[in-house]
Amino acid sequence: MQQGFVARRADATPCAAALIESLRDIGYSLETALSDIVDNSITAGTHRIHILTETYSEEPFIAIADDGIGMTEDELVAAMRPGSRNPLDTREKTDLGRFGLGLKSASFSQCRRLTVVTRTNGITSAAVWDLDDVARRNEWSVQLLDDIKAIRCADQLGKTGTLVLWEKLDRLTGGYKLNVAKRAETINQRLAETERHLRLVFHRFLEAPKPIRILLNGRQLRPLDPFARKNSATIADPEEIISLPQGDVEIQSFTIPHHKQMSTPDWDDLGGPEGHLKSQGFYVYRGERLILHGTWFGLCRQSELTKLSRVRIDISNSMDSDWKIDVKKCSAQLPPTVRDRLKKVIERIQEGSKRTYRKRGQKLVDHNRLPLWHRIQSDGHIRYRPNIEHPIFAGYAEELPEHLRRGFFNCISLVGASLPVETLHADMAAVAEDVVPDHVDEDTLTQAVQATLSVLLAAKKELKDIIALMRDVDPFRTAWSDTQLIIDAIIEANRAK
Ligand SMILES: Nc1ncnc2c1ncn2[C@@H]1O[C@H](COP(=O)(O)OP(=O)(O)OP(=O)(O)O)[C@@H](O)[C@H]1O
Ligand SMILES: [Mg+2]
């Protein structure tokens, strides 16, 4: 198409007061905003980041101080400019930035006053964006301060480094503008949620051989490895590499341990507030920093079957446009070439978990294993039916007078037919590991052990085989130590006879 001939030009400089306010609302949360500031510190080669907050105060603040390379005054002024770097620029491999916007957009999303104090080569510079000041003047002019003594937390700066200070925290008040205690409670709550996010997003920096330390009000954050690699029960598949024109994409699948193979606090920490079902999926890292997690990119559903599967994907900042990385560094889209490869990875994971479940299910239908329930798969449906031939049922029925037997078997069949499948399904979909077999009381267990044992002994099975068999099925499996005591007592009594 022919380009139109430019007749005249008119000034269309953005209106400072309006645009700077709009920058506030591009969808940051406290955790994504803080992570964006931490990104800058890591890019500046920091070893230690202090996040300091004062929440119980008339004028609460959040400060992030690093010991990175710092900036000269010219660099600081450039850094304060929205759009300080062209997103098309090629960046160093270790640079976590892209848009030249994060410092400003992340800060304004949480506060109306951003102060940056920075020191390099023995010279300290300070600059302020105050949105109320911009609103009054309606111009893109940043304030420069010579005296930094009055700036809160300025004493945190060492020989070199940068302090980012957020004041006028109007977005974090939770609606409590005058109630200091309630406001503090709101901010503290948000900070507590943010802590886990930082531990996860930056875990590879926190656990590196030369780790970066992040301290939140003096407390050092522990790395949170989503693949629980330190747990020996984690299964790591071999790493795969997809070579693309913009660089290599590294992929590695992990199966994290079953909840019984780790402590409850570790399991809960790993699942987080969203839980394990929602935490399965791809974990995309850009320059070792976690961008996004807990999604299969629409390639499959988050199901119980794949709940323990987590796949690490490593990309570099040279692929930002292919992956459509956003300013907040918390979303990405799959390039089509990668999509096809990941489909195969998912198929493999699904096949693997199906096999594991089939093996577990096998125990239920294996006749040698004395199941109390049968799993019947036919006509595209799966049904569970109590096994009325089980010695516990059959043995008891034997002792009943003839006319009561039919009624007894009918009752058992009714229990099977009225299994609350929908409720079970809903509960399993929420937190599957909370659904557990009911406790059996001693009398019930004793009767079950007696019945099972006498049938198996009568069938001339070896005691050690009987024990191995019973140990594997409920109700004995879940109450094994009591079962063992009852078996010992029965054997002892038999011997005495
Ligand atoms: N803590 C810091 N130490 C040293 N320099 C910094 C620090 N924070 C920001 N800068 C400088 O300010 C510039 C602007 O930061 P900003 O976060 O706005 O953009 P970016 O990091 O380049 O890209 P992105 O928008 O993707 O984060 C950075 O490129 C960097 O040069
Ligand atoms: Mg940045």
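Select ligand 1 first: it sits in the second largest pocket of this predicted model. A pocket is an open set of points on a 1 Å grid over the protein atoms alone, with protein on both sides within 12 Å along at least five of seven lines. "Sits in" means that more than half of the ligand's atoms lie within 2 Å of the pocket's grid points.

Before moving on, note the ground rules. Residues are numbered from 1 along each chain as written, and chains are lettered from A and ligands numbered from 1 in the order written. Because the model is predicted, local features need pLDDT of at least 70, side-chain atom pairs need pLDDT 80 or more, and totals for chains, interfaces and linings use all residues, while side-chain values use heavy atoms, without hydrogens or water.

**Stop 1: the ligand shell**

Show the 19 residues around ligand 1 (a heavy atom within 4 Å). R98, L101, G102, K104 and K329 come nearest. Helix 2 (30–43) and helix 4 (102–110) each give two or more residues to this shell. The shell divides into 6 nonpolar, 7 polar and 6 charged residues.

**Stop 2: the polar contacts**

These are pairs of N or O atoms within 3.5 Å. Select the side chain of R91: one of its N or O atoms is 3.0 Å from a ligand 1 oxygen. Now switch to backbone atoms. An N or O of F99 lies 2.8 Å from an oxygen of ligand 1. For L103, the backbone distance to a ligand 1 oxygen is 2.9 Å. The protein covers 88% of the 590 Å² of accessible area that ligand 1 has on its own (Shrake-Rupley, 1.4 Å probe).

**Stop 3**

**Stop 4**

What is the volume of the largest cavity? It is about 30 Å³. In a cavity, a 1.4 Å probe fits but cannot get out. Select its lining: T32, S35, H197, V201, R289, L290, I291, K328, K329 and C330. Helix 2, helix 6 (180–201) and strand 13 (289–295) each give two or more residues. Strand 13 gives the most, with 3.

Key: Polar contact = N/O pair within 3.5 Å; in protein donor to acceptor, adjacent residues only side chain to side chain. 1 Å grid on protein atoms, 1.4 Å probe; cavity = no way out; pocket = protein on both sides within 12 Å on 5 of 7 lines; lining within 4 Å. Helix = DSSP H or I, 4+ residues; strand = E, 2+ residues; numbered from the N terminus. Nonpolar A, V, L, I, M, F, W, Y, C, P; charged D, E, K, R; others polar. Points joined across faces, edges and corners; volume = space filled by probe spheres on them.
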